[in-house]
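Open the structure in your viewer and keep the selection tool ready. Each stop below says what to select and what is there.

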Amino acid sequence: MNKLMAAFRYQLSLSVSYFISYYTALHIFRFSIFILTYIGNGRIDGALILVSEYGSIISFVLFGLICFHEFFKVLLQNGYTRKIIFKSTLIIFALFSAITSWHDTILTETFRGYSIFSKTFFSARYGFNYSFTTKWIWLFTVYFLFISFVYALMIMYYNVGEKKSTGILISFLIITFLIIVILPDDAKSVLSFTIPFLFGRLKDGSINFILPFTTFISIASLFNLASYYTLSKTELKA
């Protein structure tokens, strides 16, 4: 437990510095545009609202790089086991997914009334008439899934190299596209029901948010299991 707490404190201290620097720059950029836009047409441009969520997605890409290239390597070289490093990293992922989703939900709720174009990830799929908590938890699961996916990609990239990683991703996209194109109509019909269902849309038109929460966390868990398996066999390169 002491080792885990020490690893967590190390990752937390660097993560806080990173997120403070990143979001300070992001807010300066956002509100500079806000001032110019408001002066120009008297309202906030709807794109500003989405800057918050897209900004977080970009931050998680950069954070995934940091978590592997800095945290994993440094901690492993200082005697921490891969299991402890991975547990600490997951805690950091969950913590900052919760904080950034809370931050973005507050921001989008605060500025939503200023623009008729203020669509967010959540409202584009479900509308606006849901509680703050529901929106926050939904966005948390989306962010946690995304950072888990990015981390898995970073580990794959490190282990198999740039060319092979790119080839794997391109092959996956091509195969996915071909499967969708050549699927029979019956299979497409099943997909047209299954995908909305996994996002919580039931046949009667109601929404069950337990479904997307469970779906996103389950997929994130698969990525994390793959990451842990790969990390357990990853050796540091000179």
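Buried means under 20% relative accessible area, exposed means over 50%, and partly exposed lies in between (1.4 Å probe, protein chains only). This is a predicted model, in which local features need pLDDT of at least 70 and side-chain atom pairs count only at pLDDT 80 or more, while totals for chains, interfaces and linings use all residues. Residues are numbered from 1 along each chain as its sequence is written, and side-chain values use heavy atoms, leaving out hydrogens and water.

Start with α8, residues 210–231. Helices are DSSP runs of H or I with at least four residues, numbered from the N terminus. P212, F213, T215, F216, A220, N224, S227 and L231 are buried in α8.

Next, select F19, F63, W138 and Y151. Among the 39 residues of the largest nonpolar core, these four touch the most other members. Such a core is a set of buried Ala, Val, Leu, Ile, Met, Phe, Trp, Tyr and Cys residues joined through side-chain atoms within 4.5 Å. At least two residues of this core come from each of α1, α2, α3, α5 and α8; α5 gives the most, with 9 residues.

Stay on F63. Which residues is F63 in contact with, leaving aside its neighbours within four places in sequence? They are S15, Y18, F19, F71, I92, F93 and I147, where contact means heavy atoms within 4.5 Å.

Now go to Q11 in helix α1. Q11 is buried, at a relative accessible area of 0%. Leaving aside neighbours within four places in sequence, Q11 is in contact with F71, L75, I85, S88, T89 and I92.

Finish at L62 in helix α2. With 36% relative accessibility, L62 is partly exposed.
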